[in-house]
Amino acid sequence: MGTSNWSSVTEFIIVGFPSLQSFHALLFTLLLLIHLLAIFGNTVIFTVIRSDARLHRPMYFFISSLAFLEIWYTAATIPKMLSNLLSKTKSISFTGCLLQTYFFHSLGATECYLLTAMAYDRYLAICNSLRYSAIMTPKICTQLAAGCWICGFMCPVIEVILVSKLPFCGSNEIQHIFCDFPPLLSLACTDTSINVLVDFIVNAFIILVTFLFIVVSYINIIKAILRIHTAEGRKKAFSTCAAHLIVVLLFFGSIIFMYVRLKTSYSLDYDRAFAVIYAVVTPLINPIIYSLRNKEILNAIKRKILQKGLINSSAQPPTPRKVFKKS
């Protein structure tokens, strides 16, 4: 078929959850609630850490950076998912689809790098505690976080450029809950083996290399913890890593299945299910994990609530006293 016979696609239809058509109102309510809770939870974590001088340490600096990222990570996909649940057309422009894909993957890659930086921070804190303060200075932490963001936003550029040059014809229905590389490639009317290979190489480098670095860091951390003589000391050392480890397993477990593969798609239901985990559930769970598993953050939140209550009570005018005249 010659390229002259290919029809130019100007917009895509995001199919979403076709098997749950009758539950769209319920899905909209549930997704909106999750989105608002995720924004609220991550905003609280970010604000509390930045405003509490007791938490101005490297570990909390990276936690606040992750919370800030999660706010934008949800904004890349969930608002459009919400509008599609209420809309009959569920359309998105070609450019809008590419932009959504770019920002979603940029923020996802940034999260991979941030989680890796957090693992490195924990490794230094436990395995090289004597030199930890000298190594993890505020300047180094800022440079590490900036490097995560810059690398994250550079990673999907090649993939987006390659997809933008593909011809699309026939069906314009994206069999997914948002725009993404695998469902886009399945709609192209030409051989996409180069795109699939590039996607695999980029994703394998971002996901597997960072995950391997985290695994190696935790192997050394566990070795160091086991060398601690007291049970209380081992418990205290591991408690600083537990929340991060849970987040890593949840996030990487879902994205490895989704993106490190040499096929454009597997089961559509599986793809949608795993997309919900890493795009919707993880940003909601992260602030819950960090606030419940970390006593210092929890105490800082309590102090902030108490401080707010005291300010509000002091701002109220005093109740006027009744003066009774003698008869």
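Modeller: Gladly! Leaving aside neighbours within four places in sequence, Ile63 touches Ile45, Ile49, Met118, Tyr290 and Ile297, where contact means heavy atoms within 4.5 Å. This is a predicted model, in which local features need pLDDT of at least 70 and side-chain atom pairs pLDDT 80 or more, while totals for chains, interfaces and linings use all residues. Residues are numbered from 1 along each chain as its sequence is written, and side-chain values use heavy atoms, without hydrogens and water.

Biologist: Which residues have the most contacts inside the largest nonpolar core?

Modeller: In soluble globular proteins, nonpolar side chains tend to be buried together. Here the largest nonpolar core has 73 residues, and Ile63, Leu115, Phe252 and Tyr278 have the most contacts inside it. Such a core is a set of buried Ala, Val, Leu, Ile, Met, Phe, Trp, Tyr and Cys residues joined through side-chain atoms within 4.5 Å; buried means under 20% relative accessible area (1.4 Å probe, protein chains only). Helix H4 (residues 94-127) gives the most to this core, 12 residues; helices are DSSP runs of H or I, at least four residues, numbered from the N terminus.

Biologist: And how much space lies in the largest cavity?

Modeller: Rolling a probe the size of a water molecule over the atoms shows where empty space is left. A cavity is a set of points on a 1 Å grid over the protein atoms alone where a 1.4 Å probe fits but cannot get out; lining residues have an atom within 4 Å of a point. The largest cavity holds about 160 Å³. His105, Gly108, Ala109, Ile207 and Tyr259 are the closest to its centre among 15 lining residues. H4 gives the most to that lining, with five residues.

Definitions and conventions. Buried means under 20% relative accessible area, exposed over 50%, partly exposed in between (1.4 Å probe, protein chains only). Helices (H or I, at least four residues) and strands (E, at least two) are DSSP runs, numbered from the N terminus. On a 1 Å grid over the protein atoms alone, a cavity is a set of points where a 1.4 Å probe fits but cannot get out, and a pocket is an open set with protein on both sides within 12 Å along at least five of seven lines; lining residues have an atom within 4 Å of a point. Grid points are joined across faces, edges and corners, and a volume is the space filled by probe spheres set on the points.
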